[in-house]
Structure formats: structure tokens, C-alpha cells
Amino acid sequence: MKKLITFALVAIVGLSTSCSDSFFDIQPQGAASLTSLSNKNGVNALLVGAYSLLDGVGAGNTGRQSTISNYVFGGITSGDAVKGTDIGDQPEQEYIEQFVWLSDNTYFLGKWQHTYDGVARANEAILLAKSPDVKDMTDAEKTQVVAEARFLRGHYHFEGKKMWNMIPYIDETIYKRDDPNSTKIPNDKDIWPNIEADFKFAMENLPATQAQKGRATKWAAMTYLAKAYIFQKKWAAAKTLLEDVYKNSGKKLMTNYHDNYRNVTNNNAESIFEVEFSVNDGSTGNNGNAGDNLNWPYSANSPGRGCCGFYLPSQNLVNAFKTSDDGLPLIGAKADGTADTYNAIDLPNDQGFKSNQAFTLLKTVPVDPRLDWTVGRRGVNFLDWGVMPGYDWIRNQNYSGPYIGKKWMYYLADEGSSTHSTNKRAVNNNYRLLKMSSVILWLAECEAELGNLSGAETYVNIIRNRAKNGSVQDASVNYVVNPYPTGTFAAKGKDYTLNAVRMESRLEFAMEGHRFFDLVRWGIAEPYLNKYLAEEAVNGKDMAGNTYNKRGYLAGRKFTANKNEYFPLPNDEILNSQKDGKPTLKQNNY
């Protein structure tokens with residue numbers, strides 16, 4: 001699909017971007033006429049153009065502001081990761097990480113622009129597909145295009161909803177090409193019903209499978225609709241859909257956890273919907289996860305071949321993978337995670353040790369094997385690149401810590417086939433947006449919320465058994481992970497069960513950009529994140545007796561309830577939303 005993007009973008013140039021003060025004003029002067037595209041090829045070109053923004057690249061911003069991984073908004077705000085690199089590099093990210101949010105931050109503007117550019121492209125595809133001027137398509141073909149476009153429109157609005165909560169919903173009936181003010185509408189309504197309607201239509205009108213990889217299916221729409229229900233705490237409705245996906249979609253867990261993070265296993269049996277990346281397709285590399293192109297080790301002898309040191313795992317995240325001797329997480333009985341004990345003392349690390357200084361990792365400490373598929377740490381194999389040397393791969397270890405994120409990296413054996421010919425940080429390792437592991441843990445959450453604690457335990461143990469029985473990264477590490485003994489959740493109660501489900505989600509999906517939004521929807525962001533900020537800011541001592549500086553720049557930072565759950569709307573968009581002399585957009589409390 002990515003190979004069709006160049007044609008699609010040429011076809012829609014001027015239809016949904018640039019030349020206007022705001023991304024609500026999606027009708028610029030000199031726009032290509034829909035009539036000139038009124039055929040099957042034109043309709044498909046517009047639809048592919050809407051798909052092409054899924055990776056977050058191509059909406060006129062830097063890409064990293066709207067990358068599908070959401071590493072800035074969902075990652076460095078969540079306790080899973082820090083900004084990384086040096087102090088002063090990309091200060092806009094520093095402000096977001098430290099909950100110093102201003103409405104003129106360019107990252108908020110870039111994400112907003114991308115959200116509504118995606119909405120605009122989906123609406124253009126719908127309008128053209130519905131046009132009576134398109135005569136070389138059957139009604140069934142037109143309906144499928146509309147269904148795919150509505151799936152995409154639901155996705156883009158969902159991205160905006162979880163960012164800002166109160167946002168405008170723009171569909172093809174609101175947008176009028178001859179009236180640039182038509183899309184300047186207030187953000188005074190909850191748009192969940194609109195998002196639900198888009199996913200429902202897609203679910204009811206899309207096929208169960210698609211011949212072309214990357215296109216939405218019935219099961220993808222059903223899963224996304226269930227996710228929308230989860231965000232609204234509609235547990236019974238979500239459970240019904242998720243059970244259908246689990247039992248009837250034909251999707252299943254891969255044997256090995258790491259198969260969800262390798263290019264050679266793109267579009268595998270576990271994937272329900274992937275954002276497709278490609279390399280060596282005639283582009284300059286922008287189709288190869290360009291939004292995350294800063295999130296690579298700093299050394300020329302590492303994956304990506306050097307640059308730029310952003311988005312590094314926190315010590316808190318690494319500690320979360322510790323297990324007890326019986327292979328269970330070190331968690332407590334409070335649903336908000338504040339009674340957990342995993343962070344009491346740090347796992348051994350090489351903070352302060354240069355690569356040419358002797359350092360021995362205590363590999364006897366029991367850890368979940370997902371740790372070393374998620375995090376690169378000194379003394380442990382890093383895919384097939386050999387043992388990670390530590391300090392030399394980190395841009396500024398004293399500032400950002402000793403760890404590297406791993407899930408988007410490529411194997412040395414795949415360099416060339418999975419990387420761009422000149423830009424080794426452009427890769428074809430797809431982003432798995434919806435997968436069966438998500439479905440299983442959402443089912444666990446539904447069961448816990450509905451009071452079926454044994455059912456929640458069954459689903460959590462499916463995930464833990466996969467972690468136990470799958471491949472490991474380094475045979476010299478003491479990997480110990482086991483399912484919860486039967487009856488544990490029922491005996492310990494609902495709060496413990498919810499905490500266990502939430503911890504399992506953290507371990508399974510760490511560094512994938514979901515965590516902050518989960519903390520908010522669970523209602524535990526304030527106690528959880530303030531505990532994290534206080535602990536990550538102080539000097540550390542690990543289990544080997546090493547003492548070191550942690551992330552001192554977090555000292556005094558605070559998550560404020562009823563303020564930091566949602567980001568500020570971009571000030572530029574509020575100014576540009578003026579109609580009859582008054583802005584139609586209302587700012588969030590921030």
C-alpha cells in the first residue's frame with residue numbers, strides 16, 4: 001500500500017492540506033476538482049492517501065509530533081520512559097515529560113494538524129465514493145470504500161479524543177468545500193457516539209479479510225469499537241465484541257512474544273491491524289517509520305548506525321520486570337499500583353560505568369523474559385548485535401540513564417533488506433496497532449470490572465504462559481515467569497486483580513505508547529505518576545550496591561489532577577477557529 005502513496009498524494013494535493021489558516025479550513029484555493037478524480041482509480045487514490053497518514057508522517061509537521069507510536073504523549077509522560085538525549089535537545093519534549101504544558105508547544109499543534117488532516121482525507125474519500133459521477137464502481141465497491149474511510153476517520157478522531165477529550169467531530173456532511181468556515185464548529189459535545197458510529201459502520205460493511213495487507217477488516221473495526229467501549233467503561237458491550245474477536249476472528253497469539261516486533265513476522269497471526277512501513281520503495285525513507293527516527297542508539301556500531309538517543313526506558317520500567325522467586329510480579333493490593341514493591345531497589349545497571357570500565361551484571365536476579373525483548377541493557381544480548389556495551393550507545397547516560405528501547409530495532413542480519421539503502425533508521429518493521437494480546441488483556445479487564453475475577457485470571461495467565469514458554473533473548477539471564485496459581489485473584493480481591501491486569505498490560509505493551517492514556521482512563525494517573533516522579537528523581541542504589549544519579553531533573557515535577565489528564569489545545573488552532581469574530585474552540589484547563 002505504501003508504494004501507492006506517491007500517486008495518492010499527488011492526486012489529493014491541495015484537497016486537505018496547506019494554504020489555509022487552520023486545518024479546519026480544508027478547502028484551499030486552487031484545489032483539484034473532485035470531478036477530475038471521479039473514477040475508481042481516483043477514489044482509491046484518495047483512500048490510500050487517508051491510509052498513508054496512519055504512520056503519523058505527511059501532515060506538514062515533523063512526523064515525530066504525530067507518529068503512530070505516540071512516544072511523546074503516551075510514553076515519556078507515563079513512567080515507562082524518559083525523553084533521553086541531552087538536556088536542551090527538543091525542549092518541547094522536556095516540557096511535556098515534566099508536565100509543564102503550554103498551548104504554544106509545537107508538538108500539540110503538530111498532533112492536531114495530523115489528526116484533522118487524516119479526518120479531512122477520509123472525508124474526501126467518502127464524498128468521492130458517494131458521488132454519482134463515479135460510474136465505474138459497483139454499489140458494493142463504493143460501500144466498502146466508505147467503510148474503510150469511516151474506519152480511518154474513527155481512528156483519527158479517536159487519537160484526538162484521547163489527547164484532548166473535547167474535540168470537534170467533522171464528517172462529510174459538516175464539511176462544505178465552498179465554505180471554509182463550515183468546519184469551524186465548537187468542541188462542546190462528547191464525540192464518542194460519532195466514533196462508535198464510524199466503527200460500527202465499518203464493522204458491518206467490511207470483509208473479514210482483505211487481499212491487500214494494511215487495509216481495515218471487519219475484525220479490526222470490531223476490535224477498535226471494543227476499545228472505544230473500554231475507554232468509556234462500557235464493560236459488558238466491550239466484552240461481547242472482544243469475545244467474538246477472540247473466538248471467531250482466526251487470530252491467535254504467536255508462540256514467541258518477540259514475533260510482534262520483527263519485520264520478518266509483519267502481519268502475523270496475532271496482528272489484527274498493522275500500520276504498514278516500507279523501505280527501498282523509491283521514497284527517501286519517510287515510509288519507514290520516520291516518526292520514530294530519533295529513537296535510536298547513539299553509536300555508529302549500533303542499530304540505526306548512530307543518532308539520536310531519544311525515548312529511553314526509565315529505571316522504574318526496568319524494575320517492573322523483576323519477579324519473585326515463584327515468577328510473579330512484585331505488586332500490591334491497591335488498584336492504583338502505589339502499594340507495589342518492585343521499585344524499592346533498582347535492578348543492577350551500569351549507570352556511571354563507561355564501556356571500557358569493568359562492570360558485571362547480576363544475572364541471577366529473577367526477571368520476566370519480556371524485559372530483554374523490550375529494553376537493551378549492558379551485559380545482555382541485543383538481538384543479534386552482540387552484548388550491549390552500555391555507555392557508548394547512550395548519548396548522555398548521566399542525564400537519561402543506561403537503557404535503550406528495543407521493540408522497533410532491527411536485526412543486524414536484516415540490515416539492508418529491512419532498512420533504507422542510505423538511512424538505516426528507516427525500517428519496515430510495522431507498528432502493530434491492534435493485536436490478539438490486546439484483546440485478551442482487555443477481556444481480562446472487562447472480567448475484573450464485571451466481578452468475574454477467575455475469568456480475569458484465566459486471560460492474564462494466557463499471556464503469562466506465552467511469556468514463560470516463548471524464546472528468550474539471553475540464556476545466561478535468570479528468566480522466571482509463571483502464571484498466577486489458580487484462585488489467586490478470587491482470594492486477593494478486585495483491587496489486586498485490577499492491579500495485576502494493569503501490570504500485565506504494562507509488561508506486555510511497554511514502550512508502545514499506550515501507557516499514559518491507560519493511566520488516565522483507569523483514573524489512577526495522579527497517584528501513580530506522582531509516585532513515579534518522586535522516586536525517579538532521587539539518587540539510586542541497585543541490588544549490587546552501586547549508587548548513582550537518576551533523573552534529578554524530575555525533582556519537584558508534579559501531575560495535577562483535573563488538569564494533566566488532557567493536553568492543551570494548540571493556541572494557533574483556537575485563534576484560527578474564529579467565526580463571526582469569536583473562537584469556536586474552547587481551551588482545556590491546563
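Select N165, which sits in the loop between helix 6 and helix 7 (192-205); helices (H or I, at least four residues) and strands (E, at least two) are DSSP runs, numbered from the N terminus. The model is predicted: local features need pLDDT of at least 70, side-chain atom pairs count only at pLDDT 80 or more, and totals for chains, interfaces and linings use all residues. Residues are numbered from 1 along each chain as its sequence is written, and side-chain values use heavy atoms, with hydrogens and water left out.

Most residues other than glycine have a negative phi, and most peptide bonds are trans. At 22% relative accessibility, N165 is partly exposed; buried means under 20% relative accessible area, exposed over 50%, and partly exposed in between (1.4 Å probe, protein chains only).

Next, select helix 6, residues 139-164. Its 26 residues reach 37 Å from the first C-alpha to the last, close to the 38 Å expected at 1.5 Å a residue; the expected span is 1.5 Å times one less than the number of residues. Of those 26 residues, 21 are buried, so helix 6 is largely enclosed by the rest of the structure.

Within helix 6, pick H155. This residue is buried, with a relative accessible area of 2%. Apart from its neighbours within four places in sequence, H155 is in contact with L54, I68, F199, Y224 and L433, where contact means heavy atoms within 4.5 Å.

Move on to helix 13 (residues 436-449) together with helix 9 (residues 235-248). The two pack at an angle of about 145°, with their axes 9 Å apart. Axes are lines fitted to C-alpha atoms, for helices over the stretch in contact, and angles run from 0 to 180 degrees between N-to-C directions. On the helix 9 side, the contact is made by W235, A238, K239, L242, E243, V245 and Y246. Helix 13 contributes M436, V439, I440, W442, L443, E445, C446, E447 and E449. By class, this contact has 11 nonpolar, no polar and five charged residues. Ala, Val, Leu, Ile, Met, Phe, Trp, Tyr, Cys and Pro count as nonpolar, Asp, Glu, Lys and Arg as charged, and the others, Gly among them, as polar.

T223, K227 and I230 in helix 8 meet V439, W442, E445 and C446 in helix 13. The residues of this contact divide into four nonpolar, one polar and two charged.

Now turn to some loops. T85 is in the loop between strand 1 (81-84) and helix 4 (91-97). Its phi is near 50°, a positive value in a residue other than glycine, and T85 is buried, with a relative accessible area of 0%.

C308 lies in the loop between strand 2 (271-275) and strand 3 (310-313). The peptide bond from C307 to C308 is cis, with omega near 15°.

V380 is in the loop between strand 4 (375-376) and helix 12 (397-400). It is buried, at 2% relative accessible area. Its C-alpha atom is separated by 9.4 Å from that of A475, 95 residues apart along the chain. Beyond neighbours within four places in sequence, V380 has contacts including L361, D372, Q473 and Y479.

Finally, color by pLDDT, the predictor's confidence in each residue, from 0 to 100. The chain averages 93, and 94% of the residues score at least 70. Over residues 2-30, pLDDT stays under 50. Where pLDDT is low, the predicted coordinates should not be read in detail.
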